[in-house]
Amino acid sequence: MKRSSTVDNSDPFRPNMRDSKEWRPTSYRSHTIGQVIELGNSLVGTEVTICGYAETVRGRGAICFLMLRDGTGKIQAFLKKDNMDESLFDSIQSASRESTIRVSGIVAQKRPPKVKEGAPTPPPEYEVNVSSGEILAQASTPLPVGVIDDVQVGLDIRLDNRHLDLRRDHVNAMFQLRSRVLQYGREHLISEGFQEINSPKIIAAAAEGGTNLFPMKYFDTDAYLSQSPQLYKQLAILGGLERVFEIGPAFRAEKHDTYRHLNEFISFDIEGAWMDDEDVMGVQERMIFHIWSEVKKNDQHLIDAVNEYRISQEKEAVVVEVPTLPFPRIPYCDAIEIVKEGGGEIEWGDDIESHHCDLIAAKFPGFHFIPRWPMSMKPFYIHHKEEEEGASGGQLSRGFDLNYGRDEMTSGGAREHRVDILEQNLRNMGLDPEEFSFYTDGFRYGAPPHAGWGLGVARLLMVLTGAGNVREVVLFPRDRSRVTP
RNA sequence: GCCCCGAUGGUGUAGUGGCCUAUCAUGCAGCCCUGUCGAGGCUGCGACCCGGGUUCAAAUCCCGGUCGGGGCGCCA
């Protein structure tokens, strides 16, 4: 992982939004703005061509300051009427904010700003003394939502104008973090021998029962959008792929409307042969440890961009605290006791609801696993051992959840590999094994014991970025009332 | 599916029956300023969600609708 460690992130003009050192020139620009910032002094005196959005255009008369921003950073372009074509100068000077502009000129060290007496001298900054340029596309006015305006915009309006919302530093940073989280997660799983697969999203039958599926027409037959890759990743394991993962969409036609639910979401799934629930909990905690460690090591500038906004909103800054391994395991039976001790009304066999999770989170504020749920509360494909029973005699399962605070991140478990028990589980849950023959047939010819989990990517990002709503960390969220943009 | 709440310029807000030809900020338009950097100064523009009702009088009260917010259930 390459990363410049010399960049001063405290400087607002050097947000270092992306590591752009290796980007090649394109037809439109010789350098990214991030490169001009990072290379700084070594570029002084050389001509560069940069492109970006006009964040501000200041000054009237014979000089003009154009703050240009691209996806890698921001830099000031300095325009002087004497140094360039007069009509071009006039048109850039009167360009609307967020117009895209290309400028060419010599890199120079900026004149230092006036500082208060006794204040430290800021580090040197660079600018481009423009000699030529071009307005690539003029932005309409007024902007439907401000990019740098000092007003709070509601989430709904922001999502209607996501293309502009994304131009805001902290929003952009959150999506860069999302990409990093997926990258580090992949890296880790590949290092443990997992291979990436893609399962079908158009399916014929109810995959697991339970949640509602979106129906669709597949030519002349009825089909559904997949609610989970669960059964297909198991089939991949039965086929000898040993360790697989998939990062893909899942669709649920539930009419929920909360900060943590969407009707389309990205599920980060794994499945591994010859593994049980403990084994895959280990994979998960190591993967989260790796993600957090790498973000802390490489991406503090992105966290800083998020925090700069949070502080302006008088919210607490987020801190990337790498969790210690192993994560606490709080078996379901113990969790019930904790809820009871905390004054919650709950009995063995009840689901642990959000307000119950608050009581557990008071004792275990970070990531924690809740293994060994009652079999009756888990899907048919979850494995159980007959001899494992709860305090009141109910059958336990090898299913687990991973929670952070009050929120569930993951659901997983050891899978049932014994076909006769699998079919009995289906019947116990009121499902017809015949309808699942595409799945159960996979178990008839020798099946390895296996285990896996599914992780909600946006929920994990909520923890990392402090976002209070999954919609913040999903580009174009799909919820009960939103299918556009 | 259940419960609670809300809707005022492009954006975010103040306004709980007459003081509203509606507040403030931001924005936008224009002018002034030859190195700004949260630029500054001046002038102007722009709004009461829709439909019905109560009242001498409705942004304000009532009913319906639409859209949105919060909580719950369910889940990842």
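Predicted model: local features only at pLDDT ≥ 70, side-chain atom pairs only at ≥ 80, totals over all residues.
Is Glu 98 buried or exposed? Glu 98 is buried, at a relative accessible area of 4%. Here buried stands for under 20% relative accessible area, exposed for over 50% and partly exposed for what lies in between (1.4 Å probe, protein chains only).

Residues are numbered from 1 along each chain as its sequence is written, chains are lettered from A and ligands numbered from 1 in the order in which they are written, and side-chain values use heavy atoms, with hydrogens and water left out.

**The whole chain**

Chain A has 485 residues, and 51% of them count as buried. Its C-alpha trace spans about 85 × 60 × 40 Å along the principal axes. The secondary structure comes to 13 helices and 15 strands; these are DSSP runs numbered from the N terminus, helices being H or I with at least four residues and strands E with at least two. Take the contacts in chain A with a separation of 6 or more: 67% of them come from residues 24 or more positions apart. Contact means heavy atoms within 4.5 Å.

Helix H2 covers residues 86–93, and its buried residues are Leu 88, Phe 89, Ile 92 and Gln 93. They sit on the same side of H2, because they cover an arc of only 130 degrees around the axis. That arc is taken over the directions from the helix axis to the C-beta atoms. What do the buried residues of H2 pack against? Their partners are strands S1 (47–58), S2 (63–70), S3 (73–80), S4 (100–109) and S5 (126–137).

Back to Glu 98, then: this residue lies in the loop between H2 and S4. The loop between S1 and S2 holds Gly 59, which is partly exposed with a relative accessible area of 28%. The C-alpha atoms of Gly 59 and Arg 243 are separated by 61 Å, and the two residues are 184 residues apart along the chain.

| Site | Feature | Value |
|---|---|---|
| Thr 141 to Pro 142 | cis peptide bond | omega near -10 degrees |
| Leu 325 to Pro 326 | cis peptide bond | omega about -5 degrees |
| Glu 98 | positive phi | near 75 degrees |
| Trp 274 | positive phi | near 60 degrees |

As for where they are, Pro 142 lies in the loop between S5 and helix H3 (155–160), and Pro 326 in the loop between helix H8 (300–312) and helix H9 (332–341). Trp 274 is found between strand S11 (264–273) and helix H7 (277–298), again in a loop. With 57% relative accessibility, Trp 274 counts as exposed.

**H5 against H13**

Helix H5 (residues 169–191) packs on helix H13 (residues 457–465) at an angle of about 120 degrees, and their axes are 10 Å apart. Axes are lines fitted to C-alpha atoms, for helices over the stretch in contact, and angles run from 0 to 180 degrees between N-to-C directions. H5 and H13 are therefore oblique to each other; under 35 degrees would be roughly parallel, over 145 roughly antiparallel and 65 to 115 roughly perpendicular, with the rest oblique. On the H5 side the contact is made by Met 174, Leu 177, Arg 178, Val 181 and Leu 182, and on the H13 side by Val 457, Ala 458, Leu 460, Leu 461, Leu 464 and Thr 465.
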